Amino acid sequence: MGKNLVIVESPAKAKTLARILGSDYTVEASYGHVRDLPEKADQIPAKYKKEKWARLGVDVDNDFEPLYIVSADKKRHIQTLKKALAGADRVLLATDEDREGESISWHVLELLKPEVPVHRIAFHEITEEAIRAAIDNPREINLNLVRAQESRRILDRLFGYQLSPVLWKKVRTGLSAGRVQSVAVRLCVLRERARRHFRRAVYWDVEAEFEKDGTSFSARLARLGRSGQMGAVATGQSFDADSGELKAGSKALWLERRGDVEDLISGWTSPWSVTAVTEKPFSRKPAPPFTTSSLQQEANRKFRFSAKHTMRLAQRLYEGIELGGERVGLITYMRTDSLTLSNKALSDAREVIARRYGKDFTDGPRRYKTRAKGAQEAHEAIRPSEISRTPEAMSRYLTGDERKIYDLIWKRTLASQMTDARLRRTSIEITAAGVGGETPRGIFSATGKTIEFPGFLRAYVEGADDPKADLADREVILPPLAEGDALAPTAVEPSRHETQPPARFTEASLIKELEKEGIGRPSTYASIIDTIQRRGYVEKRGNALIPTFTAHAVTQLLEKHFTDYVDTQFTARMEEQLDDIAEGELDWLEHLRAFYFGNGDTPGLEQRIADEEPKIDYPAMQLGVHPESGKAVVVRVGRYGAYIQHKRSDEDREAATLPAGLAPADLTLEMAVELLAQAVIGSQELGADPESGQTVYLCRGRYGPYVQLGETPERGSKEPKPKRASLPKGLAEEEANLELALKWLSLPRTLGTDPESEEKVIVASGRFGPYIKRGKDTRSLTADDDVYTVGLERALELLAQPKTRGRRSARTVLKEFPDNLQLLDGRYGPYLTNGELNASLPRDLNAAELTAERAAELLAERGKPPKRRAKK
C-alpha cells in the first residue's frame with residue numbers, strides 16, 4: 001500500500017484519525033476554510049484593486065466570479081499540506097459531510113492541485129468501522145453541494161455589502177445587514193413590539209383548598225351561574241393582548257374586582273358537593289433523537305448553554321477524546337436535521353434498555369420522520385457512537401460541560417427507543433351553592449395525573465420553553481372521590497391574576513422559530529444568534545434575547561423599503577432554492593442573476609437599492625404625543641447610542657439620552673417626558689471644592705447619575721476631561737451632597753510608595769469593584785476593606801498575596817497543596833494554579849487521585865500564564 005494523505009478540517013479530528021488509521025496514513029488539518037472572499041481592502045490583490053467590484057469580492061458582471069484569497073494565517077497551513085502531499089500516492093479528502101465540509105474539500109483541491117489520485121470520503125461518526133467503510137467506498141466531490149455553499153456565500157456577501165452602506169448613511173455608521181441575520185433580528189423586534197403594545201388586564205377567581213383521607217388538593221373556580229345558565233370564568237386566554245379587554249365575541253365572565261369575589265365566597269355555604277368525576281387513561285410518546293436544532297434548544301433550556309457553546313462541546317465529543325490510551329469519537333456528526341438511527345444503533349439501544357430498565361421498557365425499534373421545513377443532508381441523528389458507553393463510564397474522561405452534553409445525548413437516544421409512558425388523568429368538579437339561590441353557584445375544577453407505567457420517562461424528560469408547562473407535567477395525586485361526596489373546604493381565598501405580555505425569545509425558542517419558518521439550516525443557527533448579539537442588535541439578559549433600539553431602527557427601515565428581504569417566507573424560499581441547487585435541480589447562476597439583477601418585472605437587489613435609497617428618511621420609533629406641545633416624541637439612534645427627541649418647533653428641539661440597558665418595550669411615553677424634563681433642568685450644582693475652587697455638579701448620563709468636578713470642555717477642545725465618579729449602587733440622587741461627592745471624587749488616591757520596588761501604590765474603584773494598583777500589578781479589595789480608608793500597610797499585604805484574576809476568584813477550590821498550589825473547578829474542568837501559572841489536567845487523570853507531587857509536576861510541564869482578555 002502506498003502512502004495516503006488524509007485531509008480533515010480540524011487538528012483534533014486529525015489526531016483521532018491518525019490513531020485509528022496507523023502509519024500508512026498521514027493525517028493533516030486544513031484548520032477550517034483555507035480561502036474565502038476578502039474581508040478588508042488590504043487583502044485584495046493589487047491587480048484587482050481598481051476593479052469596481054473589488055470591494056464586493058464578486059465580479060457580478062462576469063458570472064458572479066468570486067475572488068478567493070488565502071489569508072495570512074492560513075498560508076502556513078497550506079504549506080504544511082503541500083509538504084505532506086509531496087510524499088503521497090493518494091489523497092483522501094475527509095472533511096465533514098455537509099455543504100461546508102464539501103466546500104472545504106473543493107477549495108483544498110483547487111489550491112493543492114495534486115497529480116495523484118484524489119477521493120472524497122465521508123462518515124458521520126469517528127469510529128474505526130465507519131472510517132474503514134468510508135475508505136472502501138470513496139466518491140467524487142459533490143459539485144452541487146459546493147455550488148450551493150458558494151451560492152450562499154455570494155448571496156450573503158451581495159446582501160451585506162450592498163445594504164449595509166444604506167444603513168450607514170440612514171441610521172449609523174458601522175451597522176450591518178445580513179440575509180438571514182436581519183430576519184432573525186426582525187423576529188425579536190416583532191416580539192418586543194407586541195410587548196410594547198400589550199395592555200395588562202387584571203382578573204380574579206377563587207381558589208379552594210380541600211383535604212380528604214390525609215391528601216390535600218386545591219381546586220379553582222371554573223364556571224359560575226344559576227341552573228342552566230352557567231358561564232365560564234375568564235382566564236388569561238380570554239383577553240386581547242393589545243387592548244386588555246375581553247376578546248371580541250367572548251362570553252367569559254370577567255370578575256374585575258376583589259369585592260365581586262368576596263361576595264360570592266360569603267354567599268356559599270359548606271359543605272360543597274362533588275358533582276362529577278371522570279378518569280381517562282392517556283399515553284405520552286418519547287421525543288425523537290436529537291438534531292442540531294433540538295440539541296441546541298434543549299441545552300439552552302436545561303443548562304442555559306448558548307447555541308455556540310453547545311456546538312463547541314458537541315464538536316469536541318465528535319472529534320474525539322483520550323479513552324483508555326485510544327482517541328475515539330463519542331458521538332455522531334453534530335450538524336444534521338435527520339432523525340434516523342442506524343440498525344446497529346437501534347439494536348444496541350434495545351439491549352442497553354433491557355439490561356438497564358427491563359424488557360418491559362422496549363417493544364421494538366422506533367423510526368422517526370424528519371418534519372423540519374427544508375431538511376437537508378440525510379445523515380443520522382445525533383447519538384452516541386457506541387450506546388454501550390454510558391455517561392457514568394465516560395464521566396472521568398470529560399469536563400463538566402462535556403459531561404452534561406454527552407449525558408443529554410445518551411439519555412435522549414435511549415429514551416427515543418423506549419415504550420410510551422402510560423398515565424391516567426382524573427378530573428373532578430365540585431359545586432358550591434348558597435342558601436335560597438341568591439348567590440350564583442360556583443363549579444370548581446381539580447385535575448390530577450398519575451403515572452401508571454413510566455416508560456421513557458424513566459430515562460429522560462424533555463425540557464419546555466414555558467416554566468409553567470414544566471409544572472403542569474408533574475404528577476398530581478387526588479384522593480379517591482365519587483359523585484355525591486360532601487366536601488368542606490379548609491380554605492377559600494380570592495385569587496388575583498394579571499395577563500402577561502408575550503415572552504421574549506430565548507436562544508432555544510428563537511432557534512425553534514427559525515426552524516419552523518425554514519430560515520437558516522443546522523450549521524447556521526449558532527452563528528446567526530452569535531452574530532446578532534455580537535453586532536449589538538440583541539442583548540442577552542438572563543436567558544432572554546432583547547432587541548436594542550438600534551435593532552428597531554434598522555428593522556423599521558428594512559420593513560418599509562426592502563420588505564421582501566426581511567420577510568420570513570421570502571427568506572425561506574431562498575433557503576429552499578439553495579437546497580434545490582444542492583440537489584442539482586436549480587441552476588446556481590440563474591438564481592444569483594435573478595436575485596441581484598432581477599427577473600422580468602421583479603427588480604433585483606441592485607435596482608431595489610437604487611430606487612429606494614433616495615426615499616429613505618431617518619427612522620424613528622414613535623412613543624406618542626407630548627402632553628404639553630402636542631408634538632411627537634420619538635426615539636432615534638445616533639453616533640453615541642439611542643436618544644429621545646422632541647421637536648416643539650424647527651428652532652426648539654429637546655433631546656435626552658436613554659439610560660443604558662433600557663429595553664424598548666419598557667420605555668413609556670411618561671418615562672420619555674420625564675427624561676426630557678430632566679435633560680432641560682441639566683446638571684445640579686452641589687457646591688465648590690475647597691481645594692481647587694471648582695464647582696461640583698450632579699449630572700445624569702447614559703449609565704446613570706454621576707458627580708463631576710469642573711466644567712465639561714467644548715467638543716473638539718484639547719482641554720482635559722473633568723474628573724467624574726458614579727454614584728454608588730442603591731444611592732438615590734436626592735441623597736447626594738457636596739461632602740459625599742468629594743469623597744467619591746477622591747479616587748483614585750495615592751497611598752504611598754512601596755519601599756522595595758519604589759513604585760507608587762494607588763487605590764481606585766473600577767468596573768469590577770475597588771482595587772489596589774502598583775505599577776501593572778493589581779489586587780482587589782476584600783469585602784472588609786474600605787476603599788476610602790484603606791492604608792499603605794494593608795495595600796502591601798494584599799499585593800503580597802497570590803493573584804487571582806476576574807472570575808477565577810470565584811472558582812471552587814477542590815484541593816490545596818503546598819506552595820500556594822490549588823486545584824480549582826474551572827469552566828472547562830478542573831485545573832491547577834499557583835496564581836501565576838495555570839495547568840489543565842490530562843483527560844485520563846482522576847482529580848480525586850491527584851497528589852501534591854503529581855500536581856507540582858503537571859504545573860512544571862503544562863503551566864502557562866492565564867490568558868488576558870483582549871482590550872476592545
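Predicted model: local features only at pLDDT ≥ 70, side-chain atom pairs only at ≥ 80, totals over all residues.
User: Is T431 buried or exposed?
Analyst: The relative accessible area of T431 is 10%. Buried means under 20%. T431 falls under that cut-off, so T431 is buried.

User: Which side chain makes a polar contact with the side chain of T431, and at what distance?
Analyst: Leaving aside neighbours within four places in sequence, T431 contacts W272, S273, T275, R441, G442 and I443. A polar contact links its side chain to that of one of these residues. The partner and distance are T275 and 2.9 Å.

User: What is the strand order in the open sheet of 4 strands?
Analyst: Pairing in this sheet is antiparallel. The edge strands, each pairing on one side only, are strand 29 (749–753) and strand 32 (777–780). On average, neighbouring strands are turned by 25 degrees against each other, direction ignored. The order is 29-30-31-32.

User: Which residue of strand 31 stands opposite V763?
Analyst: Strand 30 covers residues 760–766 and strand 31 covers residues 769–774. The two run antiparallel and are joined by 6 bridges. Opposite V763 stands I772.

User: At about what angle does helix 22 run to strand 31?
Analyst: Helix 22 spans residues 792–799. It lies across strand 29, strand 30, strand 31 and strand 32. Its angle to strand 31 is about 85 degrees.

User: Is W744 buried or exposed?
Analyst: W744 lies in helix 21, residues 738–745. Leaving aside neighbours within four places in sequence, its contacts are V707, A725, L727, P728, L731, A736 and Y788. Its relative accessible area is 7%, under the 20% limit, so W744 is buried.

User: How far apart in space are W744 and L346?
Analyst: In sequence, W744 and L346 are 398 residues apart. In space, C-alpha to C-alpha, the distance is 67 Å.

Definitions and conventions
Residues numbered from 1 in each chain as written. Heavy atoms only, no water. Pairing = 2+ DSSP bridges. Axes fitted to C-alpha atoms, helices over the stretch in contact; angles between N-to-C directions. Contact = heavy atoms within 4.5 Å. Buried < 20%, exposed > 50% of the residue type's maximum accessible area, 1.4 Å probe, protein only. Polar contact = N/O pair within 3.5 Å; in protein donor to acceptor, adjacent residues only side chain to side chain.
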